[in-house]
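Visitor: I would like to learn how to read a protein model. Could you take me through one?

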Amino acid sequence: MKWTNIYKEMSDVYVKEFKIRETEGIETARGIHEYVNSKFKGIKRILDIPCGTGRISIPLAKLGYEVMGIDFSEHFVEEARKSVRELQIDNANFLVGDMLETNKVISDFNPQLILNWWTSIGYHGKMNDIRFLKHLRNISDSGSILMLETWHRENIITAPIPRFWNDLGNILVLVKQNIDPFSKFVIAQHIYYERKGKGLEFIGEFRSKIMLYDVSELKQILTQSGWIVDETFNQIVNREKFNPNLDRVVFVYHSD
């Protein structure tokens, strides 16, 4: 199965992978809120692109921000809209859109903080990543903030995990990763099984090919895209100085 088709053909299953990260999303939103309050003043409008099911956007809206979330998966966006209806949240808006395409609605929204979270670059090649980051810069006013969170090559290469399981309740996901230290890409295979009695029944799989950037490359493409570096962490909750032995990296950049 082509990896992008997972959002349509196995959307109910894939949503469960977001759902098990809801607590993490709340903690991330709180970390973003505390950081923004301590570092920047007057941040009110946040763009989350791509937003998935709103696991970060919705907690941020509950903290009082006006939030716009954009994702190319109609199923994810509908899931986010369902959540805000149930929670009676009126300061969050979710739209279907391709993050690689110019979107006038973003300019009209005029975000002060842009979030690109959970390894959302590297799927479309370096030139498209630069085009996307330039687009974000072009629709941002002077002083706007970009926060990008992703994995990085240093950790993936030095501490590879070739295979692991994700437990989604009645669904189990076997993730196999082909990691070549001489290549910039990792090929990941996700195999889905449903629990049936004491056994497992295969229900689907997909593969993805992701470019592995090292930290210096990430800084380079962000700078090349017109952003100016502020800080770099491993994760937003404790904001400790970046350690290449840990698997995530958070870049904070601003527009001039």
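**Reading the model step by step**

Guide: Start with one residue in this predicted model. S57 has a relative accessible area of 0%, so S57 is buried.

Visitor: Which helix holds S57?

Guide: S57 is found in helix α4.

Visitor: What does S57 touch, beyond residues up to four places away in sequence?

Guide: Its contacts are D48, C51, V67 and F94.

Visitor: Now the sheet. How do strands pair in general?

Guide: They pair through backbone hydrogen bonds, parallel or antiparallel. Here, 7 strands form an open sheet with mixed pairing. The order is β3-β2-β1-β4-β5-β11-β10.

Visitor: Which strands stand at the edges?

Guide: β3 (92–96) and β10 (228–233) do. Each has a single partner strand, so one side of each is left without a neighbour in the sheet. On average, neighbouring strands are turned by 20° against each other, direction ignored.

Visitor: In which sense do β1 and β2 pair?

Guide: Parallel, over 4 bridges. β1 covers residues 45–48, and β2 covers residues 66–71. Within this pair, I46 stands opposite V67 in β2.

Visitor: What packs on the sheet?

Guide: Helix α5 (residues 74–87) does, touching β2 and β3. The direction of α5 makes about 165° with that of β3. Helix α7 (residues 126–138) also packs on the sheet, touching β1, β4 and β5.

Visitor: Which residues of α5 are buried?

Guide: F76, V77, E79, A80, S83 and V84. After α5 comes Q88, with a positive phi near 55°.

Visitor: Last topic, the nonpolar core. Which residues touch the most other members of the largest one?

Guide: I32, L60, L113, L115 and M147, out of 29 residues. Helix α3 supplies the largest share, 4 residues. Take L60 as a case. Leaving aside neighbours within four places in sequence, L60 is in contact with A29, I32, I46, Y65, V67 and L115. Another core, of 27 residues, lies apart from the largest one, and F109, F132, M211 and L222 are among its members.

Technical notes
Residues are numbered from 1 along each chain as its sequence is written. This is a predicted model: local features need pLDDT of at least 70, side-chain atom pairs count only at pLDDT 80 or more; totals for chains, interfaces and linings use all residues. Side-chain values use heavy atoms; hydrogens and water are left out. Two strands pair if DSSP finds at least two bridges between them. Helices (H or I, at least four residues) and strands (E, at least two) are DSSP runs, numbered from the N terminus. Axes are lines fitted to C-alpha atoms, for helices over the stretch in contact, and angles run from 0 to 180 degrees between N-to-C directions. Contact means heavy atoms within 4.5 Å. A nonpolar core is a set of buried Ala, Val, Leu, Ile, Met, Phe, Trp, Tyr and Cys residues joined through side-chain atoms within 4.5 Å. Buried means under 20% relative accessible area, exposed over 50%, partly exposed in between (1.4 Å probe, protein chains only).
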